[in-house]
Amino acid sequence: MTLLRLLPAILAALLMGAHGLRFHGPVAAAGFVLLPSLLLWRRRWVLLAARGMAAAGVAAWFGIAVDLASGRLARGEPWARLAVILGGVAALNLLAVLCLRGPRLERWFRSTPETAVPSAAAFLSSYALLLVIRAKAGA
(Lines give C-alpha, C1' and ligand atoms only; values in the text may rest on other atoms or scores of the structure.)
Protein backbone atom coordinates (compact mmCIF):
# COMPACT_ATOMS: atom_id res chain seq x y z
CA MET A 1 0.00 0.00 0.00
CA THR A 2 2.85 2.38 0.78
CA LEU A 3 4.34 1.81 -2.67
CA LEU A 4 1.02 2.78 -4.27
CA ARG A 5 1.10 6.05 -2.33
CA LEU A 6 4.67 6.71 -3.47
CA LEU A 7 4.07 5.82 -7.11
CA PRO A 8 2.56 9.20 -8.20
CA ALA A 9 5.50 11.01 -6.59
CA ILE A 10 7.99 8.74 -8.35
CA LEU A 11 6.29 9.24 -11.73
CA ALA A 12 5.99 13.00 -11.21
CA ALA A 13 9.67 13.26 -10.25
CA LEU A 14 10.75 11.32 -13.31
CA LEU A 15 8.61 13.49 -15.62
CA MET A 16 10.01 16.66 -14.07
CA GLY A 17 13.51 15.22 -14.39
CA ALA A 18 12.94 14.48 -18.08
CA HIS A 19 11.74 18.04 -18.60
CA GLY A 20 14.74 19.38 -16.70
CA LEU A 21 17.14 17.27 -18.71
CA ARG A 22 15.62 18.39 -22.01
CA PHE A 23 15.49 22.11 -21.29
CA HIS A 24 17.91 22.84 -18.43
CA GLY A 25 20.58 20.15 -18.53
CA PRO A 26 21.65 17.29 -16.29
CA VAL A 27 22.07 19.34 -13.11
CA ALA A 28 18.41 20.36 -13.18
CA ALA A 29 17.36 16.78 -13.80
CA ALA A 30 19.55 15.26 -11.09
CA GLY A 31 17.48 16.26 -8.07
CA PHE A 32 14.24 15.00 -9.55
CA VAL A 33 15.72 11.78 -10.88
CA LEU A 34 17.42 11.00 -7.55
CA LEU A 35 14.26 11.68 -5.54
CA PRO A 36 12.73 8.20 -6.07
CA SER A 37 15.86 6.56 -4.66
CA LEU A 38 15.84 8.96 -1.72
CA LEU A 39 12.29 7.83 -0.91
CA LEU A 40 13.69 4.38 -0.14
CA TRP A 41 15.81 5.93 2.61
CA ARG A 42 12.69 6.44 4.76
CA ARG A 43 13.73 9.65 6.48
CA ARG A 44 11.12 12.25 7.38
CA TRP A 45 12.99 15.07 5.65
CA VAL A 46 12.87 13.13 2.37
CA LEU A 47 9.08 12.99 2.63
CA LEU A 48 8.91 16.74 3.19
CA ALA A 49 11.34 17.41 0.34
CA ALA A 50 9.29 15.15 -1.96
CA ARG A 51 6.15 17.10 -1.06
CA GLY A 52 7.94 20.37 -1.80
CA MET A 53 9.28 19.16 -5.12
CA ALA A 54 5.87 17.82 -6.16
CA ALA A 55 4.23 21.14 -5.21
CA ALA A 56 6.89 22.99 -7.22
CA GLY A 57 6.09 20.63 -10.08
CA VAL A 58 2.41 21.65 -10.00
CA ALA A 59 3.40 25.31 -10.29
CA ALA A 60 6.01 24.61 -12.97
CA TRP A 61 3.72 22.53 -15.19
CA PHE A 62 0.92 25.07 -14.83
CA GLY A 63 3.29 27.88 -15.82
CA ILE A 64 4.63 25.89 -18.76
CA ALA A 65 1.07 25.15 -19.92
CA VAL A 66 0.08 28.82 -19.74
CA ASP A 67 3.21 29.94 -21.62
CA LEU A 68 2.89 27.37 -24.38
CA ALA A 69 -0.87 27.74 -24.77
CA SER A 70 -0.68 31.54 -24.94
CA GLY A 71 2.02 31.26 -27.61
CA ARG A 72 -0.13 28.92 -29.64
CA LEU A 73 -3.16 31.16 -29.21
CA ALA A 74 -1.15 34.17 -30.43
CA ARG A 75 -0.11 32.24 -33.55
CA GLY A 76 -3.62 30.91 -34.16
CA GLU A 77 -2.54 27.30 -33.62
CA PRO A 78 -4.55 24.64 -31.77
CA TRP A 79 -3.89 24.60 -28.05
CA ALA A 80 -6.54 22.36 -26.43
CA ARG A 81 -4.57 19.10 -26.67
CA LEU A 82 -1.52 20.81 -25.17
CA ALA A 83 -3.63 22.13 -22.30
CA VAL A 84 -5.13 18.69 -21.61
CA ILE A 85 -1.75 16.94 -21.63
CA LEU A 86 0.05 19.47 -19.45
CA GLY A 87 -3.01 19.76 -17.21
CA GLY A 88 -2.83 16.00 -16.72
CA VAL A 89 0.85 16.22 -15.82
CA ALA A 90 0.12 19.02 -13.34
CA ALA A 91 -2.70 16.90 -11.91
CA LEU A 92 -0.26 14.01 -11.47
CA ASN A 93 1.98 16.30 -9.43
CA LEU A 94 -1.00 17.41 -7.36
CA LEU A 95 -1.95 13.77 -6.81
CA ALA A 96 1.63 13.16 -5.68
CA VAL A 97 1.36 15.96 -3.10
CA LEU A 98 -1.91 14.50 -1.80
CA CYS A 99 -0.60 10.92 -1.74
CA LEU A 100 2.46 11.99 0.25
CA ARG A 101 0.21 12.90 3.17
CA GLY A 102 -1.41 10.74 5.80
CA PRO A 103 -0.57 8.98 9.06
CA ARG A 104 0.49 5.67 7.49
CA LEU A 105 3.11 7.36 5.35
CA GLU A 106 4.19 9.54 8.28
CA ARG A 107 4.88 6.37 10.28
CA TRP A 108 6.72 4.76 7.38
CA PHE A 109 9.07 7.75 7.20
CA ARG A 110 10.04 7.32 10.80
CA SER A 111 13.16 9.35 11.57
CA THR A 112 13.42 12.26 13.97
CA PRO A 113 10.69 14.78 13.18
CA GLU A 114 12.47 17.64 14.97
CA THR A 115 15.23 17.72 12.34
CA ALA A 116 13.01 16.94 9.37
CA VAL A 117 11.92 20.49 8.50
CA PRO A 118 15.41 22.04 8.63
CA SER A 119 16.86 19.13 6.66
CA ALA A 120 14.17 19.31 3.98
CA ALA A 121 14.54 23.10 3.79
CA ALA A 122 18.31 22.73 3.40
CA PHE A 123 17.88 20.18 0.61
CA LEU A 124 15.29 22.21 -1.29
CA SER A 125 17.08 25.55 -0.91
CA SER A 126 20.43 24.02 -1.94
CA TYR A 127 18.85 22.50 -5.02
CA ALA A 128 17.06 25.76 -5.89
CA LEU A 129 20.26 27.76 -5.39
CA LEU A 130 22.16 25.34 -7.61
CA LEU A 131 19.55 25.82 -10.35
CA VAL A 132 19.75 29.62 -10.04
CA ILE A 133 23.55 29.60 -10.21
CA ARG A 134 23.43 27.26 -13.19
CA ALA A 135 20.93 29.53 -14.97
CA LYS A 136 22.99 32.66 -14.27
CA ALA A 137 26.11 30.95 -15.64
CA GLY A 138 24.23 30.26 -18.84
CA ALA A 139 25.00 26.56 -18.71
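Some conventions come next. Residues are numbered from 1 along each chain as its sequence is written, and side-chain values use heavy atoms, with hydrogens and water left out. Because the model is predicted, local features need pLDDT of at least 70 and side-chain atom pairs count only at pLDDT 80 or more, while totals for chains, interfaces and linings use all residues.

Let us turn to the overall architecture. The chain has 6 helices and 0 strands; helices (H or I, at least four residues) and strands (E, at least two) are DSSP runs, numbered from the N terminus. The C-alpha trace spans about 55 × 35 × 20 Å along its principal axes. Of the 139 residues in the chain, 36% are buried, where buried means under 20% relative accessible area, exposed over 50%, and partly exposed in between, with a 1.4 Å probe and protein chains only.

How far apart are the end C-alpha atoms of helix α1? They are 32 Å apart, which agrees with the 33 Å that the 23 residues of α1 (residues 2-24) should span at 1.5 Å a residue. That expected span is 1.5 Å times one less than the number of residues. The buried residues of α1 include L6, A9, A13 and M16, and among the elements covering its buried residues are α2 (26-39), α3 (44-75), α4 (80-99) and α5 (103-108). Just after α1, G25 takes a positive phi of about 95°.

T2, in helix α1, counts as buried because its relative accessibility is 15%. Leaving out residues up to four places away in sequence, T2 touches R104, L105 and W108, contact meaning heavy atoms within 4.5 Å.

P113 lies in the loop between α5 and α6 and is partly exposed, because its relative accessible area is 49%.

Finally, I consider empty space. Rolling a probe the size of a water molecule over the atoms shows where empty space is left. On a 1 Å grid over the protein atoms alone, a cavity is a set of points where a 1.4 Å probe fits but cannot get out; a pocket is an open set with protein on both sides within 12 Å along at least five of seven lines, and lining residues have an atom within 4 Å of a point. A volume is the space filled by probe spheres set on the points, which are joined across faces, edges and corners.

The largest pocket has a volume of about 440 Å³. Of its 19 lining residues, H24, A28, F32, Y127 and L131 are the closest to its centre.

How many cavities of 30 Å³ or more does a search of the whole structure find? The search finds 1. The largest cavity holds about 60 Å³ of space, and its lining includes A9, M16, F32, G57 and N93.
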